[in-house]
Amino acid sequence: MSVNIQVVFYSMYGHIYTMAKAIVEGVKEVDGADVTLYQVSELVPDEILEKSGAKAAREAFAHIPLISPDQLAEADAIIFGTPTRFGNMCAQMRNFLDQTGKLWVSGGLAGKVSSVFTSTGTQHGGQETTITSFHSTLLHQGMIIVGVPYTEQRLLNMDEITGGSPYGASTLAAADGSRQPSENELAIARFQGRHVAEITVALEKGRKSQ
Ligand SMILES: Cc1cc2nc3c(=O)[nH]c(=O)nc-3n(C[C@H](O)[C@H](O)[C@H](O)COP(=O)(O)O)c2cc1C
């Protein structure tokens with residue numbers, strides 16, 4: 001028996017994509033957990049992406065398949081990654097989630113495990129609000145929310161600027177996008193992937209034995 005874990009992200013400049021790859025690595029460390037990486041559709045017109053430099057950045061992960069809302073039903077756990085937009089999830093992720101009404105009606109996501117990671121430009125730009133406000137949607141869908149417990153000691157790191165909180169992994173991109181996820185942040189992301197996978201495997205074993 002193996003569980004099916006999806007990592008579903010949107011990224012404009014690649015920081016969330018880098019974090020998503022670390023989450024995938026963490027899931028892969030767990031026996032009995034399969035993982036698939038997906039991205040959600042872009043909404044910003046090509047000419048705007050071009051002007052903002054995002055078009056070139058997005059080419060690095062153009063090969064990652066787009067997910068359709070119905071595909072979420074195939075997962076046992078879903079780990080969502082979104083950059084912060086004004087303290088909230090990005091519109092591309094909101095647009096995707098707003099197409100999950102059919103799954104809400106059928107209870108198709110109820111009882112599945114979920115988790116969220118994020119990225120901001122600045123240190124106090126809303127990482128925690130982005131993740132906790134994302135949780136409302138997950139609760140409406142009846143999902144079980146998993147964060148990052150303080151057993152991950154890297155959350156206590158005060159030696160450097162770092163993302164990562166009990167709500168989920170995170171990184172700081174800097175206002176101009178020049179900062180890349182640090183080793184501390186990537187390790188927390190790997191922890192999150194591993195933690196979600198371990199909980200999902202245990203949950204599925206329990207359900208199968210009932
Ligand atoms: C419209 C817009 C709104 C943003 N809002 C915030 C914000 O509220 N706080 C913040 O720290 N960064 C904010 N940012 C910066 C992004 O969070 C940052 O570019 C992103 O985390 C980088 O991730 P990515 O490379 O995966 O796209 C904003 C960026 C844009 C384009």
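Helix axes here are lines fitted to C-alpha atoms over the stretch in contact, with angles from 0 to 180 degrees between N-to-C directions. This is a predicted model: local features need pLDDT of at least 70, side-chain atom pairs count only at pLDDT 80 or more, and totals for chains, interfaces and linings use all residues. Residues are numbered from 1 along each chain as its sequence is written, and side-chain values use heavy atoms, without hydrogens or water.

**Overall fold**
- The protein chain holds 7 helices and 6 strands (DSSP runs numbered from the N terminus: H or I of at least four residues, E of at least two).
- Along the sequence the pattern reads β-α-β-α-α-β-α-α-β-α-β-β-α.

**Helices H1 and H7**
- The axes of H1 (residues 15-28) and H7 (residues 183-208) come within 6 Å and cross at roughly 45°.
- Contact (heavy atoms within 4.5 Å) involves Thr-18, Met-19 and Ala-22 in H1, among others, and residues of H7 including Glu-185, Leu-186 and Ala-189.

**Gln-71**
- Gln-71 sits in the loop between helix H3 (54-59) and strand E3 (77-83).
- Its side chain reaches the backbone nitrogen of Ser-68 at 2.8 Å.
- Beyond neighbours within four places in sequence, Gln-71 is in contact with Gln-6, Tyr-38 and Leu-66.

Conventions
Polar contact = N/O pair within 3.5 Å; in protein donor to acceptor, adjacent residues only side chain to side chain.
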